[in-house]
Amino acid sequence: MCWAAEKIEPVEGRFQIVWGKQKQKIIIDYAHTPTAMDQLLKEAKKQNNGRRIILMLMG
C-alpha cells in the first residue's frame with residue numbers, strides 16, 4: 001500500500017505550490033466553499049512565516 005501512495009500525483013489546482021521569479025511561494029487552490037477557504041487559509045498560514053498576499057477570485 002505504501003508503494004502505491006508514493007506514486008500518487010497531486011491534483012492540479014488543489015493546494016498546488018509554484019515558485020515565483022523571486023523565490024516567493026505561491027499556493028493555488030480552487031477552494032469553492034467557505035469551509036474549504038477556511039482550511040486553505042489555515043494550512044497556508046502554517047507553511048508561510050513571512051509576508052502573505054491573498055488573492056481570492058470568485059465567480
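A word on the source. The model is predicted.

Let's start with charges. How many salt bridges does a search of the whole structure find? The count is 3. I'll take them in turn.

First up, Arg 14 and Asp 29. Their side chains form a salt bridge, at 3.5 Å from N to O. Look at where the partners sit. Arg 14 is in the loop between helix H1 (2–6) and strand E1 (16–19). Asp 29 is in the loop between strand E2 (25–28) and H2. So the pair ties together parts that lie 15 residues apart in sequence.

Now the contacts. Leaving out residues up to four places away in sequence, Asp 29 touches Gly 13, Arg 14, Phe 15 and Leu 40.

Next, helix H2. This helix spans 34–47. Asp 38 and Lys 42 meet there in a salt bridge, 3.2 Å from N to O. Why can these two be described as about one helical turn apart? Because they are 4 residues apart in helix H2. Asp 38 is partly exposed at 37% relative accessibility. Lys 42 is partly exposed too, at 47%.

Then Glu 43 and Lys 46. Their side chains meet in a salt bridge at 3.4 Å, again N to O. Both residues lie in helix H2, 3 residues apart, which is about one turn of the helix. Buried or exposed: which is Lys 46? Lys 46 counts as exposed, because its relative accessibility is 61% and the cut-off for exposed is over 50%. Glu 43, at 30%, counts as partly exposed.

Last stop, the nonpolar surface. Leu 41, Ile 54 and Met 56 make a nonpolar patch of about 270 Å². Met 56 is in the segment after helix H2. With a relative accessible area of 43%, Met 56 is partly exposed.

Methods:
Residues are numbered from 1 along each chain as its sequence is written. This is a predicted model: local features need pLDDT of at least 70, side-chain atom pairs count only at pLDDT 80 or more; totals for chains, interfaces and linings use all residues. Side-chain values use heavy atoms; hydrogens and water are left out. Patches are made of residues with over 30% relative accessible area and no salt bridge: like charges are joined within 9 Å, nonpolar side chains (Val, Leu, Ile, Met, Phe, Trp, Tyr) within 5 Å. Accessible areas come from the Shrake-Rupley method with a 1.4 Å probe; for residues, only the protein chains shown count as cover. A salt bridge is a side-chain nitrogen of Lys or Arg within 4 Å of a carboxyl oxygen of Asp or Glu. Buried means under 20% relative accessible area, exposed over 50%, partly exposed in between (1.4 Å probe, protein chains only). Contact means heavy atoms within 4.5 Å.
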